[in-house]
Amino acid sequence: MAIVSSITNHSSLPNDKGEERLVDSSLLREEKKLSTKDSLRPKSFEEFLGQSELKKVLGISVKAALSRGEALDHLMLYGPPGLGKTTMALIIAEELGVKAKVTSAPALERPRDIVGMLINMQPRELIFVDEIHRLNNISQELLYPAMEDRRLDLTVGKGTSSRMRSIDIPPFTLVGATTKPASLSSPMRDRFGITQRLDFYNHLDLEKIIKRSANLINLSITDEASLQLAKRSRGTPRIANRLLRRVRDYAEVYSSLKSIDVKIVNDALDLHRVDQRGLDQTDLSYLGLLINDYGGGPVGIETLAAALGEDSATLETVVEPYLMQIGFLHRTPRGRTVTPAAEKHYLLNLTKNSTYE
Ligand code: ADP
């Protein structure tokens, strides 16, 4: 299977201060350059750990498409960044034995970007469009007949002499990925035959992912240390792999042990200020603001974003989903509120490290 990538521009950018977070589940700058050659990326359903229901559903669809000799139905994958949407799309292409093109909505801004992509397709090819909710209206209008009837409707000429020309295109599979399914227009949503959600990973699955990655980079790590790392990885394989690399760096400098043990993990991640639940300064500042300045909430997202100097979309897609997942935050119609568990964790952190705000 060949992978053609025109970028992988994931959802969130560094904050206004230009800083990147170690526990940001989007790709960091250095990772963007490497993302298509990611050596840790699983290449088959077997290597893709966790998400058993998703694998089952997609495995059946892939087998059925193969036995009919048809292109797989258009597929929408949604869930927070770093959970494996791109990886899964590439695995599906591999299993189908077809070429995969990887792109994202910001790279398909002009009609000619979409037209160029669709016209040059091989039959049954898979096209992965990241952040599909960000496609503009013109691009969406071009995609509808392509997805439904394998037809490109082009306007040729200008002004009164312009006319519509339709071109047939080969069968193909569009895999759209989004962190914000609610932002997808409903005609677009309706054109996906299969829609699947990726969930945060539990500690056990993350532990397996960490062990697999450690093995691939020739690193020895104890069971206890992998579990400790898993607990701090925010349910996200991308973060688990990133933290593993930082722990390896730390161990190379500060340890002579053959295996990474739990003390090395704790020391390395304490140094990077990633706490026992995977929270960093941004999360703690967010919780601190809610707890100290607003009595625990409810507070509107824009107020929080302005006070923290963050983009509200980043808070919504990167910071809040994990806080909600671990039961620290509720989104209510009146705004955000913290839970008693969050207050307890925040206070514990305060007593542990007086510099936390
Ligand atoms: P997304 O497209 O959802 O942002 P990616 O597919 O780019 O996420 O996954 C991020 C990284 O995490 C991948 O490079 C891969 O190494 C790792 N990864 C993701 N899902 C899994 C999994 N189920 N098993 C093992 N590694 C995974």
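Trainee: So what does the domain assignment give for the protein chain?
Mentor: Keep in mind that this is a predicted model. The assignment gives domain 1 (3–197), domain 2 (203–271) and domain 3 (281–356).

Trainee: How far apart do the C-alpha centres of domain 1 and domain 2 lie?
Mentor: Those two centres are 31 Å apart. The contact takes 10 residues from domain 1 and 14 residues from domain 2.

Trainee: And what classes of residue are on the side of domain 1 that touches domain 2?
Mentor: That side has five nonpolar and five polar residues, with no charged residues.

Trainee: OK, the ligand next. Which residues come nearest to the ligand?
Mentor: There are 21 residues around the ligand, and G84, K85, T86, T87 and P237 come nearest. Helix 3 (85–96) and helix 9 (237–254) are the elements that give two or more residues to that shell.

Trainee: How does the shell around the ligand divide by class?
Mentor: You get nine nonpolar, eight polar and four charged residues.

Trainee: Where does the ligand lie relative to the domains?
Mentor: It lies between domain 1 (3–197) and domain 2 (203–271), because both give residues to the shell around it.

Trainee: Switching to the inside: which residues touch the most other members of the largest nonpolar core?
Mentor: That core has 62 residues, and A89, I92, L126, F128, L229, A240 and V247 touch the most other members. Helix 3 turns up again here, giving the largest share of this core, seven residues. Domain 1 (3–197) and domain 2 (203–271) both give residues to this core, so the core lies between them.

Trainee: Pick one of those. What is A240 in contact with, leaving aside neighbours within four places in sequence?
Mentor: A240 is in contact with L206, I209, I210, L229, A230 and S233.

Trainee: Now the strands. How do strand 5 and strand 6 run, and how many bridges join them?
Mentor: Strand 5 (residues 151–156) and strand 6 run antiparallel, joined by six bridges. For example, R151 has D168 in strand 6 as its bridge partner.

Trainee: What about the hairpin they make, how many residues are between the strands?
Mentor: Six residues sit between the strands, and G157 in this hairpin takes a positive phi near 85 degrees.

Trainee: Last one: why does strand 6 lie largely in the open?
Mentor: Strand 6 (residues 163–168) has six residues and the number buried is zero, so that strand lies largely in the open.

Conventions
Residues numbered from 1 in each chain as written. Predicted model: local features only at pLDDT ≥ 70, side-chain atom pairs only at ≥ 80, totals over all residues. Buried ≥ 20, exposed ≤ 12 C-beta atoms within 10 Å, placed from the backbone. Helix = DSSP H or I, 4+ residues; strand = E, 2+ residues; numbered from the N terminus. Pairing = 2+ DSSP bridges. Near = placed C-beta within 6 Å. Nonpolar A, V, L, I, M, F, W, Y, C, P; charged D, E, K, R; others polar. Domains from an automatic or database assignment. Contact = placed C-beta atoms within 7 Å. Core = buried A, V, L, I, M, F, W, Y, C linked by C-beta atoms within 7 Å.
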